[in-house]
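Please look over the sequence and the structure shown below before reading on.

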Amino acid sequence: MYKINNWRNNFLLNHKYFWCFLFFFLMAANSAVYAQEEEEEPAKKEKSRMGLSTTQMPGDSIELSALLRAKIDDVYQKIGDAEIEFFAVGAEDEISLGKSTTNALGTAKIKIGSNTLEKNEEGYMTFSARFDGNDELKGSDDEVSILKANMTLTPIKEDSSLMVKINVSTPSEDGIAPLAEADVSLFIKRMIGRLKVGEGTTDENGDAEINFPTDLSGDDGGNLYITAYIEDFGEYGNLAATSVQAWGKPVSYEFHELPRTLWSPNPPIWMVLTFFVLMGAVWGHYVVIVTRLFKMRKMGG
Amino acid sequence: MKASISANNRLKQFAPQIERVSGGAKIWIGLLILLILFGGVGLYQQITKGHIVTGMRDNVVWGLFIANFIFFIGISYAGAILSGMLYLFDIKWRRPIVRISVLLSIVAGVIGPVFIILCIGRFDRIHHLLLYPRLQSPITWDVLAISIYLVGAVIYLYLTVIRDFAIYSEATYLNIPTWKRNLYKKLSLGYRGTDQQKKTLKSMTRLLAIIMVPMVVIISSVLSWIFGMTLRPGWHSSIFGPYFVVASILTGVGVIIMCMWVFRKRYKLQDYITDMHFKYMGFMMLVLAAGYGYFSFSEYLTGWYGSEKWDSEVLGKLFDPNEYGWWFLFVNIFGIILPIVTVAIKKLRTPGMITFAATLMVLAMWIRRYLIVVPTLETPLLPVQDTRMEYVHYVATWQEWSLTIGGVATLLLFFIIMSKFITIVPVSDYIDDEKMEVNG
């Protein structure tokens, strides 16, 4: 018993600095440094929210676009990879127009022809989009009704100036009725998205004339992909019309090799030389030393 | 080959260190293994669940792991440069310190890069650093620098222990297993102490020491340029190169003092690791702490005076008691002032007090590394939109702490293992002019 106690006392005495340090460390550690996440409870289904919009395009086609979002952690997030079904809603039933899956931005789109779609007495076409839900989200749907409208885009080139003439109209009992006070924006297609180049408002005849810039760059043929867009025009939804015109400056996309710089794929020559000189010097010395080490073995004989 | 009587007497004194593992050492090794296993649990969680188990997020992409990396690599570099300089200047009292320094350089140099691997997460892509290097990147420079350095450090250690291996292998009274004796024999490379061998070994050691000193200064600067070459406030500073060099050597001196204390107590080496060694290492610590204090003052004064917006933000955090103010105060008091005061006052200049000051200094320098990494990352150079506030403030998780503790435990364990093969005091160095007899 004496020996064990003595050993224990000696151990504690000889390692007192160790115990002091351990005590200090534990006391000094701030409890805030521990940020252990609590175990998550099984997730309950969150509510989802659907937003449906339409874009009427030339050729009597309509693009239906559904945006699916959900409020997660008090922030609205767009839900990707969700299946949305679109319907044309009639008086008595609804006809499935097809299904589409939302992309990373939470949007699903389909394009349909509007000629065969059912209209109600007032001429409205009604569409709906439905999400049936999944393990994490509740289902949701949205419905939108629109009146038929047409937008035409006519490019006009006079001398050196360029112009785009827009006409917006809707079918009526008397044939075709112009739509005034529509705010039209003009865009051209760029590499990632589109660039706004002009805007105007339709007059009482449904016409708008918008000047088009003459200093834009096109593709290698100088082509520009022009889109006229009316956003959220009352009962008509969104309207779009497109045209391709060789109104841009031709741009050559010939690849030029980047110079040797800090930011290009190939480093500057001085950097490469310095690297090889330093590596060579150090590794050279190592090789010499190791070689002489093995030679030293023979010297012992 | 037989060792002389003097060499035998020396070796008998150190023999217990390499002959056996005491009960206390076994308990200590067991504890270290437990701590390493604790780190293994954290590692398992990180591998299976991903980096979400750490505190690193979009804003603060570096945290505890990088602080540990800088810390361990820094003390490794310090070990190499100290051993090289002490050898080159032929300092007479260097002997036990050189051995500890070289061992430290290897062990810490192996542990440090492991934290980088833990930080990058995708271990299966580590070879991409070599297959697809980008020569313009400071990270590529650091990968190459550490690789070259480790090779050099291993060769340097080997050169300094060849003579000892020769003595161990031929000391028949040493109670060591046959495999160990054969290992010593192989590693001694047939060293018999002939004049030609002595001359060759000495010239090779000297050559490598000459290479190591400037190489370590350069690669220590390369480590700092990972931070200095960015545009981040608190990092983009031309002073970072020498700042890191001085900080590394200061921390290394502190760790060596701690090792001296432990080995002196453990193996009763009072005759070899004397009070004089502590005093001289203390002076080194004083000078380096003063230099480090000067660099710190210069850097913060410049940043404060310039009043550049983001620099001021980082400085504000370091001086704000609600943020990192208390830690910053701890670093400056225990990392700079305490070592200077302890060594400057003669009454305090004892091995115990110097070791105590060194221990607190090493802790302070570790915290300093943390304060270099995290506050800057919490202060983005460009405004970040649509970010969650919990991503902006970094707090280390238990998994990160477990790996940190595991890393420290691994360093201590490696040290113990190496001390079971190589005596802390180089036996061969104490044989000055005695010739070694060669068996026919």
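## The model and chain A

The structure is a predicted model, and its local features are reported where the pLDDT is at least 70. Chain A contains three helices and 16 strands, and of its 301 residues, 34% are buried.

When contacts in chain A between residues at least 6 apart in sequence are considered, 52% of them join residues at least 24 apart.

Side chains of opposite charge can pair when their charged atoms come close. Over all chains, the count of salt bridges comes to ten. One of them joins Lys99(A) to Glu83(A), where the closest N and O atoms are 3.8 Å apart. Lys99(A) belongs to strand 5 (residues 94-101) of chain A and Glu83(A) to strand 4 (residues 83-89) of chain A, so this pair ties together parts that are 16 residues apart in sequence. Lys99(A) counts as exposed, because its relative accessibility is 52% and the limit for that class is over 50%, whereas Glu83(A), at 48%, counts as partly exposed.

A further salt bridge forms between Arg130(A) and Glu94(A), with 3.3 Å between the closest N and O atoms. Here Arg130(A) lies in strand 7 of chain A while Glu94(A) lies in strand 5 of chain A, so the pair ties together parts that are 36 residues apart in sequence. Both residues are partly exposed, Arg130(A) with a relative accessible area of 30% and Glu94(A) with one of 38%. These two residues are also linked with Asp132(A) in a network of salt bridges.

Are the two partners buried or exposed? Asp164(B) is buried, with a relative accessible area of 0%, and Arg99(B) is likewise buried, with a relative accessible area of 3%. Both values fall in the buried class because that class takes in relative accessible areas under 20%.

## Patches of charge on the surface

Which residues gather in a patch of positive charge on the surface? The patch is made up of Lys44(A), Lys45(A), Lys47(A), Arg49(A), Lys71(A) and Lys138(A). Of these residues, Lys138(A) is found in the loop between strand 7 (124-131) and strand 8 (140-147) of chain A, and Lys138(A) is partly exposed, with a relative accessible area of 42%.

A patch of negative charge on the surface brings together Glu46(A), Asp73(A) and Asp74(A) with Glu390(B). One of its members, Asp74(A), sits in the loop between strand 2 (61-72) and strand 3 (75-78) of chain A. With a relative accessible area of 69%, Asp74(A) is exposed.

Note on methods: Residues are numbered from 1 along each chain as its sequence is written. Chains are lettered from A and ligands numbered from 1 in the order in which they are written. This is a predicted model: local features need pLDDT of at least 70, side-chain atom pairs count only at pLDDT 80 or more; totals for chains, interfaces and linings use all residues. Side-chain values use heavy atoms; hydrogens and water are left out. Patches are made of residues with over 30% relative accessible area and no salt bridge: like charges are joined within 9 Å, nonpolar side chains (Val, Leu, Ile, Met, Phe, Trp, Tyr) within 5 Å. Accessible areas come from the Shrake-Rupley method with a 1.4 Å probe; for residues, only the protein chains shown count as cover. A salt bridge is a side-chain nitrogen of Lys or Arg within 4 Å of a carboxyl oxygen of Asp or Glu. Lys and Arg count as positive and Asp and Glu as negative; His and the chain ends are not counted. The place of a charge is taken as NZ of Lys, CZ of Arg, CG of Asp or CD of Glu. Helices (H or I, at least four residues) and strands (E, at least two) are DSSP runs, numbered from the N terminus. Buried means under 20% relative accessible area, exposed over 50%, partly exposed in between (1.4 Å probe, protein chains only). Contact means heavy atoms within 4.5 Å.
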